[in-house]
Amino acid sequence: MRLPVAVDAMGGDFAPDQIVAGALEADRLGIPVVLVGPENLEGAGHLEVIPASEVIAMDEDPAYGVRRKKDSTLVRAAEAVRDGRACAMISAGNTGATMASALLRMGRVRGVNRPAIATPIPVPGGTHTVLLDAGANTEVQAEWLVQFALMGSVYSRHRYGIANPRVGLLSIGEEPGKGDTLRKDAFELLAGARGIDFIGNVEGRDVMSDSVDVVVTDGFTGNVVLKTLEGGMKTLVKALMAAFASKEEYKVHADALLPALFPLYETVDPEYTGGAILLGVDGVCIISHGSSSSRAIVNGIKVASEMVERNMVDEIRQAISQA
Amino acid sequence: MPAETHVVDGPLDRQAIFHIVRDQLVDILEIDPSSISEGQSFKDDLNADSLALVELVDALEEELSERTVGFRIEDEDLADLKTVRDAVDFVYAHVMAHGSGR
């Protein structure tokens with residue numbers, strides 16, 4: 001009997017309706033789920049609800065929220081994983097609070113200095129690049145980046161089936177020695193580390209290319225890269241659509257072409273990536289976009305379930321201990 | 001694992017409190033219990049950073065909430081906890097003021 005994925009019913013801009021809808025759909029697809037929310041949660045149907053009377057708001061201080069709202073959905077979800085009632089947790093709510101809940105209740109995998117948020121970056125025509133840290137740690141130490149490389153490689157292997165993921169250190173030039181002190185120190189450590197296929201420095205423009213599988217950086221830079229790409233792609237798609245609609249003659253041809261673009265659009269649409277994952281905590285924790293619809297939730301639940309089945313956390317534990 | 005509660009039987013005296021703090025530090029910092037003594041500085045001697053301290057106070061709150069009423073360590077208090085002794089004193093002062101459950 002498989003353990004369910006614990007779904008934070010109250011996290012996200014469209015909670016609880018879209019979240020509950022996503023959970024019900026996942027259940028229909030055969031993935032066991034359990035909701036975490038108020039006892040009188042509407043629309044849950046036959047799904048079990050782990051009661052949680054408090055919600056940590058999107059704009060609340062994460063650490064303070066987790067420590068003072070001990071009956072919040074996020075804390076209860078993380079406790080469910082810790083206590084073996086659930087195999088994973090997913091939330092589209094306050095990202096910092098999701099991390100803090102996971103950290104303070106599930107705990108770190110032994111030996112991990114800091115967990116990192118790993119986010120898939122679409123590579124049209126290729127396999128997604130895993131970018132980490134995408135925002136958990138604003139400032140990092142060089143040793144942590146080596147751990148990010150190890151954890152990111154495990155994730156890339158299990159999520160995208162890449163046997164030997166190529167790891168690049170995000171910097172401002174390809175040549176070794178480029179970048180700030182942190183990058184220079186990290187380069188040396190990564191080059192000498194076991195269990196990592198380190199290909200050297202990569203630049204921002206390589207993140208969406210097929211030349212690297214795992215891109216390692218600090219949380220500040222990673223978050224800037226992520227938001228820049230998201231915004232850039234959105235802007236481009238909008239501009240493309242506007243161009244197609246700008247003249248009647250274009251519209252006619254556009255109708256014929258659009259079907260060719262839909263698969264591409266799905267590739268870059270965050271709704272389909274299955275969310276980001278917090279690597280380095282002792283359990284699977286999926287962090288979904290705040291604007292997640294039920295579709296994004298279903299996809300996130302699928303990823304959570306898959307990573308549990310593939311024993312991703314145990315593999316991370318092994319990789320860290322052998323480093 | 002933070003989930004473990006280190007049940008210390010008997011009264012919550014200063015020695016018992018030290019053991020609770022020490023055992024949490026062993027879990028969080030992944031170090032040997034014999035390497036922890038009261039005089040040690042979290043930052044300089046034990047290499048415990050701000051995250052480890054948050055983990056420590058959260059674990060202490062969870063564990064001690066069962067033994068003594070209303071035990072909280074506010075974030076402002078964290079700045080005053082520089083050594084293991086500071087943490088033990090802080091908890092002990094609360095226990096003396098509010099009593100312990102056993």
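Chain A holds an open sheet of 11 strands with mixed pairing, in the order β3-β2-β1-β4-β11-β10-β5-β6-β9-β7-β8. Its edge strands, β3 (49-51) and β8 (197-202) of chain A, each pair on one side only. From one strand to the next the twist averages 25°. Strands are DSSP runs of E of at least two residues, helices are runs of H or I of at least four, and both are numbered from the N terminus. Two strands count as paired if DSSP finds at least two bridges between them.

The model is predicted: local features need pLDDT of at least 70 and side-chain atom pairs count only at pLDDT 80 or more, while totals for chains, interfaces and linings use all residues. Residues are numbered from 1 along each chain as its sequence is written, and chains are lettered from A and ligands numbered from 1 in the order in which they are written.

Within the sheet, β1 (residues 5-8) and β2 (residues 33-37) of chain A pair in the parallel sense over four bridges. A6(A) stands opposite V34(A) in β2(A). Helix α3 (residues 73-82) of chain A lies across β1, β2, β3 and β4 (88-91) of chain A. This helix runs at about 160° to β4(A). Axes are lines fitted to C-alpha atoms, for helices over the stretch in contact, and angles run from 0 to 180 degrees between N-to-C directions.

The largest nonpolar core has 96 residues. A6(A), V7(A), A88(A) and A118(A) have the most contacts inside this core. Helix α5 (residues 142-160) of chain A gives the largest share, nine residues. Domain 1 (1-111 + 280-310) and domain 2 (113-277) of chain A both contribute residues, so the core lies between them. A nonpolar core is a set of buried Ala, Val, Leu, Ile, Met, Phe, Trp, Tyr and Cys residues joined through C-beta atoms within 7 Å. A residue is buried if 20 or more other C-beta atoms lie within 10 Å of its own, exposed if 12 or fewer, and partly exposed in between, with C-beta atoms placed from the backbone.

Contact requires C-beta atoms, placed from the backbone, within 7 Å. A second, separate core of 23 residues includes I17(B), L56(B), I73(B) and A87(B).

The bounds of the two domains of chain A come from an automatic or database domain assignment. Their C-alpha centres lie 25 Å apart. Across the boundary, 21 residues of domain 1 of chain A are in contact with 15 residues of domain 2 of chain A. On the domain 1 side, α4, β11 (284-287) and α9 (294-309) of chain A each give two or more residues. α9(A) gives the most, with seven residues. This side divides into 10 nonpolar, seven polar and four charged residues. Here Ala, Val, Leu, Ile, Met, Phe, Trp, Tyr, Cys and Pro count as nonpolar, Asp, Glu, Lys and Arg as charged, and the others, Gly among them, as polar.

Chain B has four helices and zero strands. Buried residues make up 29% of its 102 residues. Among contacts in chain B between residues at least 6 apart in sequence, 66% join residues at least 24 apart.

Between the chains, nine residues of chain A are in contact with eight residues of chain B. Helices α2 (62-68) and α4 (95-106) of chain A each supply at least two residues of the chain A side. The largest share of that side, three residues, comes from α2(A). By class, the chain A side has three nonpolar, two polar and four charged residues.

How values were computed. Two residues are in contact if their C-beta atoms, placed from the backbone, lie within 7 Å.
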